[in-house]
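Please have a look at it first, and then I will start with a question.

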Amino acid sequence: MGARLTPDNGQPFHCGRRFTLQATSAETNVASVSSYLGLPVKVLTTFVKGSPIARFLKDDLAGRHMDVEGPEVDQGGPWGYRHQLNLADCGTGSRGPRVCNDRAGEVGRTLNVKDFDLERIFGREGVQIVHLSGLIAALSPETGTFCLEIARAAKKYGTRISFDLNHRASFWKGREKELRAIFHEIAGVADILVGNEEDFQLALGIEGPEAGGKGLGSKIDSFKGMIERAGKAYPNAKVFATTLREVVNANTHLWGALLAEGSRWHAIEPRQIGVVDRIGGGDAFVGGMLYAVLRGWEPEKWASFGWATGALVVTLLTDYAQPADEEQIWSIWEGNARVKR
């Protein structure tokens, strides 16, 4: 867990004078969809003992209806541990957003399965899905081991594993061989694999289309080819998903998705959505998809609900979706933005 600072009124960070503080992490961004829609969620994390930021994070997660479990680590003095800071503006119009991650001394690097009773969590509490992010898997050697052990425990107890590859070049620099082995093992036991075209290529070495660019709707076949190759490399996974995003400007995107469930494809052609703050769109897609899986809906709805949840979160100033109810999500999917009285 960390804190995001965002300058008010859409200003670039270096021009900002007033900032909004919010709690953030890739995993809780995903989990918020289920927690706001009434499903039980537990977050495994770690905190800096006595830190006001830690207190802020705990209160925020409680307000998002999430149970939290994890140790408190002594700060160790002014140059010890702290919670990471995400310095990110929203961008506007022709100016794209910029994100700077300040992670020196991040307490999350100390995550260790010895601090959690995995037999109780997976064996007795009955976790249905555990979601892992490549951000944590690549954060440090300790967190890579942590994610591996979580995945192994989940596999042992029959919990489905969702893995969002989330490749970050700055985390991987000089550690490619080490991290490729960790990601390969987690992906090998995962039931649900998620990533964009860069993630599959850089994290798992799966050939895919050129990253980003124009005309993504016409390249869906190349995305399907990438997912088919991933399916052969990782046959345990039964669901593969990727989002399709074409940036017209900071406030207008073309947003689509592709989901493979077994041999069946569910493709959503990119269509225009309005954007206030793009951060968290991919996480919300995963969160909406996992919520639909947990609800036992048919796979076609997994992609639709995920797409619409991603379209919701980019209209919010938080990195995570806060859906009022399922109807709000389905109204976005149907293109109905009329007032509801």
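Which residues in H10 meet which residues in H11? Before I answer, please keep in mind that what you see is a predicted model. On the H10 side there are Gly281, Ala284, Phe285, Gly288, Met289, Tyr291, Ala292 and Val293, and they meet Lys301, Trp302, Ala303, Phe305, Gly306, Trp307, Thr309, Gly310 and Val313 in H11. As for the geometry, helix H10, residues 281-295, and helix H11, residues 299-313, pack at an angle of about 145°, with their axes 7 Å apart, and H10 passes H11 in a right-handed crossing.

Let me turn to the aromatic rings, where the count comes to ten aromatic pairs. One of them joins Tyr291 and Trp297 edge-to-face, at 5.7 Å centre to centre and with 85° between the planes. Tyr291 counts as buried because its relative accessibility, 2%, is under 20%, and Trp297, at 14%, is buried as well.

Trp297 also pairs with Trp330, this time in a tilted arrangement, with 5.8 Å centre to centre and 40° between the planes. That pair links distant parts of the chain, since Trp297 lies in the loop between H10 and H11 while Trp330 belongs to helix H12, residues 326-333, and the two are 33 residues apart. Together, Tyr291, Trp297, Phe305 and Trp330 form one aromatic cluster.

Finally, the charged end of Lys301 sits over the ring of Trp297, 5.7 Å from its centre, and elsewhere Arg64 lies over the face of Tyr320, at 3.5 Å from the ring centre.

Methods
Residues are numbered from 1 along each chain as its sequence is written. This is a predicted model: local features need pLDDT of at least 70, side-chain atom pairs count only at pLDDT 80 or more; totals for chains, interfaces and linings use all residues. Side-chain values use heavy atoms; hydrogens and water are left out. Axes are lines fitted to C-alpha atoms, for helices over the stretch in contact, and angles run from 0 to 180 degrees between N-to-C directions. Helices (H or I, at least four residues) and strands (E, at least two) are DSSP runs, numbered from the N terminus. A crossing is left-handed if the near helix is turned anticlockwise from the far one by less than a right angle, and right-handed if clockwise. Contact means heavy atoms within 4.5 Å. Rings of Phe, Tyr and Trp (its six-membered ring) pair if their centres lie within 6.5 Å; planes under 30 degrees apart count as stacked, over 60 as edge-to-face and the rest as tilted. Buried means under 20% relative accessible area, exposed over 50%, partly exposed in between (1.4 Å probe, protein chains only). A charge sits over a ring if NZ of Lys or CZ of Arg is within 6 Å of the ring centre and within 35 degrees of the ring normal.
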